[in-house]
Amino acid sequence: MNATPAPSGRAWLINALVTVVLWGVWGAFSDSSANSHHFPATLVYCVWALTMIPPAFIALRMGGGKLETSGKAIAYGMAIGLLGAGGQMVLFYALTHGPAYLIFPIISLSPLVTIVMSFALLGERTGKLGLLGIVLALIALPIFNYAPADGTSTSGSEWFILALIVMLCWGVQGYFMKSANNYMSAEGIFFYMMIAGLVLIPAAWLLTDRSQPVNWGWDGPGLAALIQVLNAIGALTLVYAFRYGKAIIVAPLSNAGAPLATAVISLIALGVMPGALKIVGLVLALAASVLLAIEPDAADESVAGESHPVVA
């Protein structure tokens, strides 16, 4: 078993911030494919899965070109990929049975699952500032993802159960993404994530509503590819962030920071002014991001002073 590498300076933070920026830009423009250019979300998923291929092969080559093929490595890699992609599939189905304004705040709490599992099973800890940052991030996430009802009523519990499934899938994925680093490289993890995403393309294709016209022009799949590749590269840098940082820090930072970046980019590039509730979430997410970014420094210095140097 390979030991998880010690953090290389602030490598975890650099990768986490790159993820935040890429996902922030992606979030600002991701709705345009389905809403403005008539390219269904299920087909956007297919395009996203395909955009995972170039960064997966480039990262693998830059990492030495060796792919772990042990049963444990394959199981971890595919589990991470299927939890992420499978959660997306369940989300498509959930949105046909329940209100998005209630579903998204629920699934936004997936970092809570990662935090609890990493605390209990990996023994990860953080200081007071980090703990405060985690709490603020978990408060900010539902606020960011909440949109008032448009007057329609909701009934039944199926959508709620489906939303919980998505939350668990993505939360457990974060935990596995961290624990898998004990058995395989970050490049290997992402490669298997790519494979899992491709495996579910037929399911997304079958879920596509063919009663509606589909835009097959360059501003359909072409535009979707330009936007979704940002998501794919951000997922790769997130794997690196989990490799070098604590999951209880990386998960809330990336999940709170991305919508924060989206709000800023939307305001600057699209002229979209967030409402009062979103502004509250913006302030909380900003405070959380700062606290989560500075806390590990103090914690790492304390640990470094009490332990022997690690020889790579």
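A nonpolar core, in this talk, is a set of buried Ala, Val, Leu, Ile, Met, Phe, Trp, Tyr and Cys residues joined through side-chain atoms within 4.5 Å. Buried means under 20% relative accessible area, exposed means over 50%, and partly exposed lies in between, with a 1.4 Å probe and protein chains only.

Good morning, colleagues. What we have before us is a predicted model, in which local features need pLDDT of at least 70 and side-chain atom pairs count only at pLDDT 80 or more, while totals for chains, interfaces and linings use all residues. Residues are numbered from 1 along each chain as its sequence is written, and side-chain values use heavy atoms, with hydrogens and water left out.

Let me begin with the overall fold. The chain has 14 helices and zero strands; helices (H or I, at least four residues) and strands (E, at least two) are DSSP runs, numbered from the N terminus. Of the 312 residues in the chain, 49% are buried. A contact means heavy atoms within 4.5 Å. Among the contacts with a separation of 6 or more, 92% are between residues 24 or more positions apart.

Which residues have the most contacts inside the largest nonpolar core? They are Tyr45, Phe190 and Met193, and that core has 58 residues. Helix α12, residues 218-244, gives the most to this core, with nine residues. Leaving aside residues up to four places away in sequence, Phe190 touches Met52, Pro55, Ala56, Ala232, Ala235, Leu236 and Val239. There is also a second, separate core of 16 residues, which includes Leu83, Ile106, Met167 and Val172.

The buried residues of α1 include Trp12, Leu13, Trp23 and Ala28. Ser108 sits in the loop between α6 (100-107) and α7 (110-121). Is Ser108 buried or exposed? Ser108 has a relative accessible area of 8%, and is therefore buried. Not counting residues up to four places away in sequence, Ser108 touches Leu141, Pro142 and Asn145.

Leu286 belongs to helix α14 and, because its relative accessible area is 47%, counts as partly exposed.

Thank you for your attention.
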